[in-house]
Amino acid sequence: MTDLLNIENLHLEFDTYDGLVKVLAGVDLRMRRGDVLGLVGETGCGKSMTALSVPRLIPMPPGRITAGRVQFNGEDILNKSESDMEAFRARHLGMIFQDPVTNLNPLFTIREQLVDAVLYQQAQGKKVPGRWRGFAPSARQLRQDAHERAVELMRLTGIPDGDRRIYDYPHQFSGGMRQRVLIAMALAGDPDLLIADEPTTALDVTIQAQILRLIRSLVSQLGLTVLLITHNLGVVARSCERVAVMYAGRVVEEAPVRELFRNPKHPYTRGLIAAVPQKEVTRGGLEGIPGMIPNLIDPPSGCRFHPRCQHVMSVCRQTVPAPVTVGEQHSTSCYLYEAPK
Amino acid sequence: MSALLEVDNLKKYFPVRGGVLNRRLSDFRAVDDVSFALQHGKTLGLVGESGSGKTTIGKCILRLLEPTAGSITYAGADITHIKARDLRRLRSEIQMIYQAPAASLNGRMTVGQIIGEPLWIHERLKGNAARDRVLELMHVVGLKEEHYYRYPHEFSGGQQQRIGIARALAVQPRLLVLDEPTSALDVSVQAQILNLLQDLQDRFDLTYLFISHDLGVVRYMCDEVALLYLGKIVEVAATDVIFEQPKHPYTQALISAIPEPDPDMQRDEIILTGDLTLATGQGCPFAPRCHAQLLDQCETLPPPLLAIEPRHQVACHLHGESA
């Protein structure tokens, strides 16, 4: 079976006044249908950029993909024309973002925005080739169907009283409810892949728990494939089956979620897990990772983590470590695990 | 031993105005009858979701906001209504560290000026004497000497927060109000800042009022925790009591919602319905979202905050004197 999503050796750069920022330096990521993959990392590690390369929403210029490819269902995405891309996004992708406030237009009711999304997805996605125009349903009928679909989507995403609240404006919804509206919008076109970019970061914990449960139930109900981007390891532990950890533009470790937390290999992953205040940690026992995220205009040579790594060896400064298999479906890019030659 | 800070029946209402004459229509009760005491050298966590009033309490203590009612006692003296002249002295005792490090630093001042300004205001210190103190403070919080002439935008979030901490420490305060000091930071940096705050507490004998929505961080930092819901305290107890034997249904739900980085953890997840905006009637403010069985009085009578054990108070009819 081919992978649903296959990102290979993706390199992305941004031109800025300060210089060329090497945002992604060889990202590899694969997802099969039905996967729930968590992409974890800290600010600036390139997790959002990796995700945005799938719908090709990275502004170019200043962005530039210098190497690598992105395949979706075996199709190469990077070579598609912009109009093909529009149809592709509508047919296959759904996205939700961090901030539910700025992603809804305050001047339109939820109905206008949801119906718009449904109609657009249908126009792009459900086009029947060679259909005789005379038999096409009227615009009014289409809008009526779209309205019903919108109410159905609101019910699916757990918004109570959808048939009444659909006439409300975004400001009449709370943060958690707005995020549900955005999820409904993302689901309008029956996407194959849902990309959720920090979907709960702006929300309170009790609301975060609600949204995560909603995403989990959508996965089991609709068989969605989800790429969940987050900086929160706890969110990953709760919602994902597999995890990829990114650092400074590369995936440094990938494993099934239990394996990753039970048996983390890469020094960065270990540091990240140790930095979360957990139950057993007593006063003074929390470990941070010394130093800070590198400047990607002039990234460290070799392994980009080496200036902050406790186990640094001379080889780490010279060449980039390749992924090594360290367990079942578990790989990490670190020289500590390279078989002795 | 008497408490360093005592807050009694603190209320802060914001007027809701409207209509043609912009009349006061009603009050928004941001803080509604909150009382707590903070012992010298300890850390009290104020926990709640957005809109629970935790930041408002912090600002009232510094008198950045005027309380509507109630009293605040610092080191045995009532500071609720002291005059502007005495406020300056108060603020060399109590300092605040803010959530957004970038927004709380003046972008047109260098690090040296930012940390040096309180020294001039409070101690009339300038020139080399001030410079030496600033450099010492920078060293204490882990900044380097060459950062002295740099501007805030040249620093990462964690470093900016260090600048804010150094500025707060400049006047040698005894009490720090920490308003979500790490919620804008990445975890690896958050760990550094939390450890720095603990070191500073031991070194300078500081008392912390730690405001946060992150229960994991609170568990790590605090001796005692007070949970707020819609401007009221729903439960107060020592940290391990709160986490091991939470009594209030809201506390139980919050604790079950902590995203622990442990996929194997057995949990009885309690997922609350609705959110803070649900209208509350006469009774318990949490009643519309409560997952426990509702009693008759939950809808009609606001539950008082009662001690169920020494140093463990809960505001819930299920744990009242009748229960």
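## Strands, helices and a buried proline in a predicted model

Strand β1 (residues 5-16) of chain A pairs with strand β4 (residues 63-72) of chain A in the antiparallel sense, over eight bridges. The structure described here is a predicted model. Within the pairing with β4(A), E8(A) has R69(A) as its bridge partner.

Strand β1(A) also pairs in the antiparallel sense with strand β2 (residues 19-31) of chain A, over 10 bridges. Here the bridge partner of E13(A) in β2(A) is K22(A). β1(A) and β2(A) form a hairpin, with two residues between them. The table sets out the two pairings of β1(A).

| Partner of β1(A) | Sense | Bridges | One bridged pair |
|---|---|---|---|
| β4(A), residues 63-72 | antiparallel | eight bridges | E8(A) with R69(A) |
| β2(A), residues 19-31 | antiparallel | 10 bridges | E13(A) with K22(A) |

Chain A also contains a packed pair of helices. Helix α6 (residues 175-187) of chain A and helix α7 (residues 205-222) of chain A pack at an angle of about 20°, and their axes are 10 Å apart. Because angles under 35 degrees count as roughly parallel, α6(A) is described as roughly parallel to α7(A). The crossing of α6(A) past α7(A) is right-handed. On the side of α6(A), the contact is made by G176(A), Q179(A), R180(A), I183(A) and L187(A). The residues contributed by α7(A) are I207(A), Q210(A), I211(A), L214(A), I215(A), L218(A) and L222(A). Taken by type, the residues of this contact are eight nonpolar, three polar and one charged.

A further feature of chain A is a proline in a loop. P277(A) lies in the loop between α10 (267-274) and α11 (314-318) of chain A. Its relative accessible area is 6%; because buried means under 20% relative accessible area, P277(A) is classed as buried. Leaving aside neighbours within four places in sequence, P277(A) is in contact with L286(A) and with several residues of chain B, including Q190(B), L194(B), G216(B) and Y220(B). P277(A) and N6(A) are 271 residues apart along the chain, and their C-alpha atoms are separated by 34 Å.

In chain B, helix α1 (residues 54-61) is mostly covered, with six of its eight residues buried. These buried residues are K54(B), T56(B), I57(B), G58(B), C60(B) and I61(B). Just after α1(B), R63(B) takes a positive phi of about 60°.

Technical notes:
Residues numbered from 1 in each chain as written. Chains lettered and ligands numbered in written order. Predicted model: local features only at pLDDT ≥ 70, side-chain atom pairs only at ≥ 80, totals over all residues. Heavy atoms only, no water. Buried < 20%, exposed > 50% of the residue type's maximum accessible area, 1.4 Å probe, protein only. Helix = DSSP H or I, 4+ residues; strand = E, 2+ residues; numbered from the N terminus. Axes fitted to C-alpha atoms, helices over the stretch in contact; angles between N-to-C directions. Parallel < 35°, antiparallel > 145°, perpendicular 65-115°, else oblique. Left-handed = near helix turned anticlockwise from the far one by under 90°. Contact = heavy atoms within 4.5 Å. Nonpolar A, V, L, I, M, F, W, Y, C, P; charged D, E, K, R; others polar. Pairing = 2+ DSSP bridges.
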